[in-house]
Amino acid sequence: MGPTSNYFLGVDLGGTTVGIGIVSDEGNLVAYTSMATEVNRGPHHVVSVIGKAARNLIGVFGGGILRAGMGAPGPLDTRTGVVYEMPNLGWERVPLRSMLEEEIGIRTYLDNDANAAAFGEWWVGAGVGAHALVCFTLGTGIGGGIVIDGEVYRGVSDAAGEFGHMIIQPGGRACHCGKSGCLEAYASATAISARAGELARAGRAPALLDLAGGDVSSLTSQLVARAAQNGDEAARRVMEEAIEYLAIGVSNVMNALNPDVVVIGGGVAEAGDILFAPLAERIRELTFEVVDSAAKIVPAMLGSRAGTVGAAGIAMRRGEGPE
Ligand SMILES: [Zn+2]
């Protein structure tokens, strides 16, 4: 990070939190701020708040930002910078890229938030040097990203890597996307806490309910993982079920893409060994041996900042070549 470094702005727009950072061309996050996303006040308000915070951050840093990258959820067009739909935010057809450019006066690139997180993990996180990296982010939903030889693979209409919507149970649980049986409905943080809540309400998980202070609605996937670690039977069952479905999903992606690194991040991955040990074992059973033995399955390293760092990295990368 010498005087010759170039700097990029990264923005990670999530349904609950926005992360904004300045990142060097070596991937160092040199300034960072985050704030709640005021979803109900609409996209113009949210982008103007982001713009103000970004201008402040850049001002304190001393200017000199080459380009900006923004990660956002939902199907979007990386060329026009328009988000078609953001189901979790209730926004439709938002030209996020031009809106942010107007605010900050810096050339901006828009990408899918899960792609940004995957790129961040490839660049300076858990998958540095990987030839083929796939990333699963297990949060409110399940985000997926594919990075091949240092480039995000987006498919022909920017919709590649939607691992959360692979159908792993025909006719199964309803998913937010309108279909049913999607991985997201079984192994996201939301799915795990919902399943634990069902058992608790039915009186089949008293220890779990105690841990949540008697309040079913405060059962998080972290609490479920902790209860499972403490030997709670109901919590164990919930975790085992989520791990089984996750193993099926990860194994399918591995057999399709033969990656050398599989990164698992998001709130569910904070469970640590209680997730990763049985997951790796089950994946080994399900996956072609030659595929499994070539792959490392690792926890994400950049935590909640992966999307911010990755969005800046994508802006660095995309500005280098022809548009
Ligand atoms: Zn779905």
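Biologist: What are the conventions of the model and its numbering?

Modeller: The model is predicted, so local features need pLDDT of at least 70 and side-chain atom pairs count only at pLDDT 80 or more, whereas totals for chains, interfaces and linings use all residues. Residues are numbered from 1 along each chain as its sequence is written, and side-chain values use heavy atoms, with hydrogens and water left out.

Biologist: Why is Thr308 called buried?

Modeller: Buried means under 20% relative accessible area, exposed over 50% and partly exposed in between, with a 1.4 Å probe and protein chains only. Thr308 has a relative accessible area of 0%, and is therefore buried. Thr308 belongs to helix α11, residues 306-318; helices (H or I, at least four residues) and strands (E, at least two) are DSSP runs, numbered from the N terminus.

Biologist: Which residues does Thr308 touch?

Modeller: Contact means heavy atoms within 4.5 Å. Apart from residues up to four places away in sequence, Thr308 touches Gly10, Asp12, Gly19, Ile20, Gly21, Val23 and Tyr32.

Biologist: Is Ser221 buried or exposed?

Modeller: Ser221 has a relative accessibility of 5% and therefore counts as buried. Ser221 lies in helix α7, residues 221-229. With neighbours within four places in sequence left aside, Ser221 is in contact with Ala189, Ile192, Ser193, Gly267 and Val268.

Biologist: What makes α1 and α2 oblique to each other?

Modeller: Two packed helices are described by the angle between their axes and the distance between the axes. Axes are lines fitted to C-alpha atoms, for helices over the stretch in contact, and angles run from 0 to 180 degrees between N-to-C directions. Helix α1 (residues 42-61) and helix α2 (residues 96-104) pack at about 40 degrees, with their axes 9 Å apart. Angles under 35 degrees count as roughly parallel, over 145 as roughly antiparallel, 65 to 115 as roughly perpendicular and the rest as oblique. The two helices α1 and α2 are therefore oblique to each other.

Biologist: What is the handedness of the crossing of α1 and α2?

Modeller: A crossing is left-handed if the near helix is turned anticlockwise from the far one by less than a right angle, and right-handed if clockwise. The crossing of α1 with α2 is right-handed.

Biologist: Which residues of α1 and α2 meet?

Modeller: From α1, Pro43, His44, Val47, Ser48, Ile50, Gly51, Lys52, Ala54 and Arg55 meet Leu96, Met99, Leu100, Glu103 and Ile104 of α2. The residues of this contact comprise eight nonpolar, three polar and three charged. Here Ala, Val, Leu, Ile, Met, Phe, Trp, Tyr, Cys and Pro count as nonpolar, Asp, Glu, Lys and Arg as charged, and the others, Gly among them, as polar.

Biologist: Why do β3 and β8 stand at the edges?

Modeller: Two strands pair if DSSP finds at least two bridges between them. The open sheet has five strands in the order β3-β2-β1-β4-β8, with mixed pairing. Both β3 (29-36) and β8 (108-112) have a single partner strand, so one side of each is left without a neighbour in the sheet. From one strand to the next the twist averages 15 degrees.

Biologist: How do you know that β1 and β2 pair?

Modeller: Strand β1 (residues 7-13) and strand β2 (residues 17-24) are joined by seven bridges and run antiparallel, against a requirement of at least two bridges. Leu13 has Val18 in β2 as its bridge partner. Helix α11 packs on the sheet, touching β1, β2, β3, β4 and β8, and its direction makes about 130 degrees with that of β1. Helix α1 lies across β1, β2, β3 and β4 (65-72), running at about 30 degrees to β2.

Biologist: What makes β9 and β10 largely enclosed?

Modeller: In β9, six of the seven residues are buried, so the strand is largely enclosed by the rest of the structure. Strand β10 (residues 142-148) likewise has six of its seven residues buried, so the rest of the structure largely encloses it. Strand β9 (residues 132-138) pairs with β10 in the antiparallel sense over seven bridges, and a hairpin of three residues joins them. The bridge partner of Cys135 is Gly145 in β10.

Biologist: In which sense do β9 and β12 pair?

Modeller: Strand β9 pairs with strand β12 (residues 261-265) in the parallel sense over five bridges. The bridge partner of Thr137 is Gly265 in β12.
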